[in-house]
Amino acid sequence: MNKYFHSVVLDEEKCNGCTNCLKRCPIEAIRVKNKKAIIIEERCIDCGECIRVCPYHAQKSITSSIEMLKDFEFNIAIFPMSLYGQFSVDTNMDKVFQAIMDLGFDYIYDEARAADIVTEVLKNMLKEDKLPRPIISSLCPAILRLIQVRFPSLIDNIARVESPMEIAARVAKNEIMKRNNLSSDKVGVFFITQCPAKVTSIVNPIGIKESYLDGAISIESIYGDIVKKANQAKDDVKFSKGSPEGIGWARVGGQSYAIGVDNYLAVDGIENVIKVLEEIELGKLNNVDFFEGLACIGGCVGGPLNVENPFIAKSRIRKLSQNKGSSEKISKEYIDDLYNEGSIWWTEKIYPKSIMTLDSNIRKAMEKIERIKEIAKILPGLDCGSCGSPTCNALAEDIVQGHGKIYDCIFKLRENFYKDFSDGGK
Amino acid sequence: MTNKSNAINLEFNVMKDDFSRAGEASSKIKKILTQLGIVSSVTRRVAIATYEAEMNIAIHSLGGKIEVTINPNEIIIIAVDNGPGIEDVKLAMQEGYSTATNKIRELGFGAGMGLPNMKKCSDEFDIVSKKGKGTKVFMRISLDSKPV
């Protein structure tokens, strides 16, 4: 498997070489070279900011196509929580579930049901004081990768519990294999996804060896079909759904609301999350019990592969999550079974990613820092991005690392061009 | 440039009551230590120590500066301010003791943890203060844990 598989990729044909993505990448993982953007693979955390800001739709997310269903005898769809926000609140959701089934699936499992399971796990976790505070939610894979790259000292704060997507896949697949007496390779599990980072997590999972999922199909690629099929669908089948609180996980603050934790902090938008993680790292928020940080504005409803406006979708999710509905209560025994079969916890250690390190030899790294300081001093400090690096300081780093040169800076280039004629040719 | 001995020297001025900029030194140092490949636990201690020093200068003093020297085996942080000086250093080192005004406390600062935190984060800590002159804090954090 590719060590650096990323769902977020660039379509070179469409790329215009502008600086929109360059300036917005939260970890300076993009450069523009020869009028085309390049994503530095080791750095990318798949947050999808570049997909959102690209005016030419050149940044995109690789997802599976519905064709892949042919590879399996039996196909399971995991219905994402954020999909509830893509339809008006009076929509008969059973018809939407049926519409997805009609795309070629044999079984469908609501991610919100797995969110209900994780809610119970987190409730128990918060009762124990062993974990360092605040406990950081493991829901958002882009934030997990961000912590590995920029906040490695907070790795121990992360709740080592699987995401609802993965738990949904495990529960559904195990159930189907048992019920239909099928071997693992005959059953395909697909996430209907709003999120490129989730796609990456299927190929390169965090905290586990291997994902139960076989692929992810983006919401935007099948939305039209869902709407068409939902209009024709009968609603005689009632599908099992998550509780209102489980559905509420799709918006920022929804996890904390579901858990019922009082002393929490919920932050959306990756730049905002970075600022709060800085505060946590300084030890200023040790009195907070639970932190949910989500890369997308609004939470998962703001995922770049959704179709609805995130604020409208978020408002719908809020309404749904406050329904005092008749959802089935999850028994303690059921959760205990899941613990025992190993469906809940992460099994693998999370390591820091030292991709920002300039050199493995500290003395050489120190020399490089000095040279970066010297170069940065003579650059104009405008952070215009015309050189192809996101800031003047980033260009200085690129030069020292051998990935750039001083005359990539158009101001230095112009200065050099005019230098012998600075007296006006007198 | 005192660069002859393989050291990186950094200096940050901290102004009185300048809360919008306090924290800048800490985050700049954190970035450099990350680029040097220093283990995150050490980087975090340096960041906290510098941050608390910055806040102390901004809250309590008439202004001052923070000097950081990064060697391949240790980091030295020296925070100096221009007064007014601490009346009773021993008392100031006690957790929870603070002379911060109510206004400052309402902002969430001045919990009396600054100096104790700085000490906790350092391998070696020293403080001298003279009424009417100023305060100087010395902190050494060793890098003996090798980068991963």
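Predicted model: local features only at pLDDT ≥ 70, side-chain atom pairs only at ≥ 80, totals over all residues.
Residues are numbered from 1 along each chain as its sequence is written, chains are lettered from A and ligands numbered from 1 in the order in which they are written, and side-chain values use heavy atoms, with hydrogens and water left out.

**View 1. Chain A as a whole.** Of its 426 residues, 55% count as buried (under 20% relative accessible area; exposed means over 50%, and partly exposed lies in between, with a 1.4 Å probe and protein chains only). Chain A has 16 helices and 11 strands (DSSP runs numbered from the N terminus: H or I of at least four residues for helices, E of at least two for strands). Its C-alpha atoms fill a box of roughly 90 × 50 × 40 Å along the principal axes.

**View 2. A parallel sheet in chain A.** Three strands form an open sheet in the order 7-11-10 of chain A, with parallel pairing (two strands pair if DSSP finds at least two bridges between them). Its edge strands are strand 7 (135-136) and strand 10 (264-268) of chain A, each pairing on one side only. Strand 10 of chain A is joined to strand 11 (residues 290-294) of chain A by five bridges, and Val267(A) stands opposite Gly293(A) in strand 11. Two bridges join strand 7 of chain A to strand 11 of chain A, where Ile136(A) stands opposite Phe291(A).

**View 3. Strand 11 of chain A and its cover.** Five of the five residues of strand 11 of chain A are buried, so the strand is largely enclosed by the rest of the structure. Phe290(A), Glu292(A) and Leu294(A) lie on one side, Phe291(A) and Gly293(A) on the other, and both faces are covered.

**View 4. Two strands of chain B.** Strand 1 (residues 8-14) of chain B has a covered face made of Ile8(B), Leu10(B), Phe12(B) and Val14(B). The uncovered face holds Asn9(B), Glu11(B) and Asn13(B). Strand 1 pairs with strand 2 (residues 64-70) of chain B in the antiparallel sense over seven bridges, and Asn13(B) stands opposite Lys65(B).

**View 5. Aromatic rings in chain A.** The structure holds nine aromatic pairs over all chains (rings of Phe, Tyr and Trp, the last by its six-membered ring, with centres within 6.5 Å; planes under 30 degrees apart count as stacked, over 60 as edge-to-face and the rest as tilted). The ring centres of Phe79(A) and Tyr84(A) are 5.3 Å apart and the planes stand at 75 degrees, so this pair is edge-to-face.

**View 6. Charges over rings in chain A.** Lys241(A) lies over the face of Phe97(A), at 5.5 Å from the ring centre (NZ of Lys or CZ of Arg within 6 Å of the centre and within 35 degrees of the ring normal). The charged end of Arg251(A) sits over the ring of Tyr257(A), 6.0 Å from its centre.
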